[in-house]
Amino acid sequence: MATILLIALFLPLAGGLLLGGERSLVRWWALGIALVVFGLTVALVAAYPGGVEPFAGTDLRWFDEARAPVDIRFSVALDGLGLWLFALTSLLMVVAVLVGWEAITEQASLYYRLLLILETGLLGVFVARDIILFYAFFEFTLVPLFFLIGIWGSQERQYAAVKFFLFTLAGSLLTFLGLLAIVLWNYYHPAGQAAGRELTFSIPRLTEALRSRPIDPAVQVWIFLALMAGFAIKVPLFPLHTWLPLAHVEAPAAGSVILAGVLLKVGTYGFARFNLGMLPAATATLMPGLLWLSLAGIVYGALVALAQHDIKRLIAYSSVSHLGFCMLGLFALNRMGIQGSVLQMVNHGLSTGGLFAMVGMIYDRYHTRQIAELAGLAGRLPVLAFFMLVLTLSSIAVPGLNGFAGEFFILLGMFERGWAAAPAAGLQLRIIAVLAVSGVILGAWYMLWLYQRVFFGPLREPAHPSATRPRDLSAREVCCLAPLVILIVWIGIWPRFFLDRMAPTLDALVAPASRAIGDRVAAPAILPSAESRGVGFFQVYPEKPPGPQSRGVVPEPYPP
Amino acid sequence: MTTLTVQMLMPEIVLIAVAVAIYLGGAFSAARWAWSWLAAAGIAVAAVALWAQHGPATAGGPLLLDGLAWRGRWFALGFGLLFVLLGSRPAPLGAAEYAGSLLLTVAGLMLVFDAGNLVLLFVALELISIPTYVLLYLGRGDAQGQESTAKYFFLSVLSSAIVLYGFSFLYGVGGSTQLAALRAALADPAAPTALRAFSKVAVAFMLGGLCFRITAVPFHFYAPDVYQGTSYPNAALLSVIPKAAGFVVLVRLLLVAMPGMEFYAWRAAAVIAVLSMTTGNVLALWQDDLRRLLAYSSIAHAGYMLMGLAVALATGNASGSWNGLAALGFYLVVYAAATLGAFAVLEHLGRPPRRLEGVEELAGLGRTRPLAAALMAVFLLSLTGVPLLGGFWGKFWVFGSALNVEGADAAGSMQPWFTALAILGVLNAAVGAAYYLRVVAVMYFRTPLATPQAQGGRGPWWAAVACGLVVLLIGFFPGPLMRETNQLSGQLATASAADRPAEAQKKPPPQPAPGSGVTAHPATVSARVP
């Protein structure tokens with residue numbers, strides 16, 4: 001399995017470096033590579049055993065062996081947190097290759113090569129087990145995206161590409177300092193002196209070491225803020241989101257799919273992996289502030305989305321809102337919240353990635369994205385309208401589709417957090433929980449309104465550049481969207497399949513932060529007892545009392 | 001001068017002899033390529049002579065052949081070869097003089113690495129400066145070129161004088177020109193404090209003079225004008241060789257020769273580092289001329305390197321992972337490779353009388369000359385510090401070394417200061433990304449105006465390719481270079497910080513009699529060979 005992971009990781013890079021030739025040839029090669037990687041990913045997912053142990057790991061020395069001053073390793077493995085994001089990336093890359101199939105005519109060879117190089121970068125982020133390796137992949141993804149946006153984007157592409165690069169680079173350089181600070185604090189930790197100093201960059205070893213001898217809480221806050229600078233820009237958290245609409249709108253369709261579908265999750269992934277796992281005390285201290293920011297993002301993103309005239313911009317702002325939900329679940333700091341959050345990361349990738357792909361398809365046909373110029377397309381393009389409807393419903397969390405599973409868990413986790421805290425401390429958390437629900441309502445409003453304006457009513461089309469009447473979805477486009485729809489329904493009706501595989505890792509990850517906050521606000525649970533919380537299909541796991549025996553252990557078998 | 005000294009100086013002697021031969025021959029023949037070939041051959045012979053020395057050695061007299069000198073001389077020879085390639089098509093004026101002067105600067109740089117004596121150090125610095133004036137004059141025959149040459153000449157002479165003035169104070173305090181004897185004298189607890197106060201003056205003057213060489217604020221202002229007024233090979237030379245020499249002298253003097261001054265020196269270095277980074281990066285944002293842009297970039301990178309120096313000073317040159325000297329050395333190599341490469345690409349793209357000047361002239365290079373554009377992008381992204389290129393590991397090493405500082409000096413814990421330094425450093429790196437990226441954006445996102453005439457010749461092209469390989473190789477496998485630079489501090493020709501007090505107590509150094517010259521204290525310095 002380790003070999004399969006390595007092949008999946010580096011096949012795209014090899015393709016990206018070696019491919020060349022005519023557009024008609026190179027796009028088939030790119031599709032072939034993306035499909036092979038997806039196939040390998042399916043094999044990995046099928047073989048994934050669950051549990052907290054890393055899977056399919058490879059651990060090699062990267063630097064010179066003898067007398068290497070620092071032990072940075074090439075260390076990759078899958079775990080419950082990275083598994084589904086890895087799978088999402090490899091799936092969306094197939095979609096991305098298919099989306100630009102006809103639209104990309106200029107410098108096509110370079111385009112597909114950059115896309116494949118980007119795939120390696122993104123896959124690497126989710127499997128890296130070494131801090132520096134993680135950072136290298138994390139930063140490296142900027143380069144191909146910079147070129148993808150800048151060369152194949154729309155009118156303001158140059159400005160968008162530069163702004164995107166600079167914004168994210170500025171933040172992630174601070175993240176870099178934060179990561180180095182974690183390594184060095186662990187190295188110089190007084191408690192570690194006796195055991196012999198260890199200058200390690202390994203993420204699991206750092207997580208474990210910092211659990212037994214945490215960094216000084218005051219310092220943790222500073223490191224947390226440094227890490228947050230980069231991750232919050234990627235997510236993007238509310239006041240730092242301004243690069244996102246620009247980059248999403250100007251990027252080519254495939255770029256938007258990858259940006260929204262995967263790149264934003266790199267930020268939430270970073271929060272989960274590093275802030276929650278390594279800095280639990282700071283996480284507990286800063287939790288209310290982060291929840292307020294997430295809430296601001298949810299409401300602000302939704303309100304701004306309501307006011308948009310451009311379909312792509314509207315969906316871009318909806319991303320701000322949805323990622324706010326992911327952050328909310330993450331910082332609810334309990335098992336339900338974090339599981340919902342990771343599930344929602346995948347959901348958002350499927351639904352918004354699909355929506356951006358569809359916007360690309362509409363644009364290919366009409367060369368416009370203005371809502372006002374389009375109406376009544378349901379009659380003209382029924383298949384397109386069908387897929388758009390499914391994705392819209394998924395995006396607004398209709399029960400039975402994936403969005404509902406994710407947002408439901410997140411809100412449940414948030415409510416639990418609010419009502420588990422003491423009334424005085426819990427008040428603001430409860431307010432946040434209640435206000436967050438408005439995001440769901442606003443989401444339904446702007447998405448359904450968009451659908452109504454574009455697809456219903458009397459037919460209105462802009463004058464076509466070509467004399468031919470726009471055709472409905474081609475087989476290629478259906479192939480591109482069908483897997484997304486299948487997964488949307490699958491997650492919607494059977495989320496346990498996905499949750500089971502991520503749960504043990506996430507439980508272990510959230511446990512220290514959860515305990516840190518539990519120490520502070522000890523309060524009786526107001527929600528009824530754990531057993532009665534299984535809701536319909538979802539079978540929420542009973543929350544176990546925090547204790548040494550619960551850490552990192554697979555939960556009890558669920559009630560039948 | 002013993003036979004041993006001559007033997008040890010053989011590489012430098014070879015270079016100078018070849019340079020003299022080229023100067024002489026140039027009077028009779030104007031063959032362009034021949035002189036470059038001869039210069040390259042001279043460097044190859046010097047490399048063989050250096051190879052014969054088998055690593056750091058013990059030497060007497062004015063030479064210090066420690067780990068720094070050993071690695072530094074290879075650095076000088078390697079980059080010397082690249083400069084010969086880069087300058088293989090010099091301007092209409094004298095080809096032979098160009099090649100000869102180039103060899104002399106390389107020899108000067110090697111001698112700076114070797115020198116363990118104030119006099120030799122100064123001579124070596126001048127051996128870099130004086131041929132540089134000739135090179136600058138030969139680079140461009142026009143009025144602008146002459147203006148820039150004159151400007152550089154006067155300021156360089158002034159800075160040399162300032163450095164020399166600083167040396168004289170140092171000599172007055174320590175009573176010797178030998179670095180080792182100075183070190184012993186300054187570390188002596190019995191030395192009168194009034195005398196010691198003068199060493200602060202010495203630090204100030206030497207920093208001032210050397211900041212000119214490394215283009216650090218506030219002595220940076222000549223760089224953009226001079227770079228703009230000269231040719232690309234000369235600009236590359238100015239941004240690498242004097243900078244390397246300046247840093248070596250700073251290391252030798254502040255870190256080795258002047259114990260007890262670290263308290264002031266690291267603060268000064270840190271302040272200059274912040275000023276240089278910020279000034280360089282911010283002013284580069286507004287530049288439209290490629291040479292001015294790279295000049296400000298060179299100022300900014302001097303700031304990052306000074307961070308490494310500040311760390312080395314503050315920690316008393318402690319060895320171990322992430323030490324300051326390692327950071328400085330590593331950064332210098334990756335910076336030099338990327339900067340030289342960028343200038344080489346630009347030189348390659350121009351047509352000799354008419355060179356590329358504005359950023360806008362690169363528009364659409366990604367389509368018209370994809371390979372050149374890709375190389376240029378690699379260099380600029382490496383200077384930005386994007387992962388998996390050499391520059392990333394340079395930043396990793398420098399910022400890591402700053403965060404790695406622990407402990408306190410007389411004024412309290414140093415950790416907050418160095419954390420702040422690292423934060424200012426990364427913020428600066430983000431600002432710096434803006435102007436590098438602007439060039440990349442112009443190359444790839446604009447439509448081509450006209451195909452640049454790539455008539456700069458094959459020499460610059462191969463220099464660019466070689467630099468590209470260096471940047472990429474260090475990017476993927478930084479281990480070997482990290483290992484080599486990490487050994488610098490341990491092999492610096494003096495005891496490290498840990499045993500400094502002990503050394504001062506154990507063997508009281510010879511009391512220097514003021515006025516006694518070099519011969520009065522024939523201190524022999526032995527390098528610690530691992």
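Here is a short chat about ring pairs and the chain B–chain A interface in a predicted model.

Visitor: How many residues does the contact take from chain B?
Guide: Residues count from 1 along each chain as written, and chains are lettered from A in the order written. As this is a predicted model, totals for interfaces use all residues, while side-chain atom pairs count only at pLDDT 80 or more. With contact meaning heavy atoms within 4.5 Å, chain A puts in 39 residues and chain B 40.

Visitor: What area is buried between the two chains?
Guide: Buried area is the accessible area (1.4 Å probe) that two parts lose on being put together, summed over both. Carbon and sulfur atoms give 78% of it here, and the total is about 3600 Å².

Visitor: Which residue of chain B meets Glu106(A) in a salt bridge?
Guide: A salt bridge needs a side-chain nitrogen of Lys or Arg within 4 Å of a carboxyl oxygen of Asp or Glu. The rule finds one across this interface. At 3.3 Å, N to O, the partner of Glu106(A) is Arg367(B).

Visitor: Why are Phe392(B) and Phe396(B) about one helical turn apart?
Guide: Helices are DSSP runs (H or I, at least four residues), numbered from the N terminus. The two are separated by about one turn because they sit four residues apart in chain B's helix H17 (residues 390-403).

Visitor: What is the angle between the planes of Phe392(B) and Phe396(B)?
Guide: Rings of Phe, Tyr and Trp (its six-membered ring) pair with centres within 6.5 Å; planes under 30 degrees apart are stacked, over 60 edge-to-face, the rest tilted. This pair is stacked, with 6.5 Å centre to centre and an angle of 25°.

How values were computed
Predicted model: local features only at pLDDT ≥ 70, side-chain atom pairs only at ≥ 80, totals over all residues. Heavy atoms only, no water.
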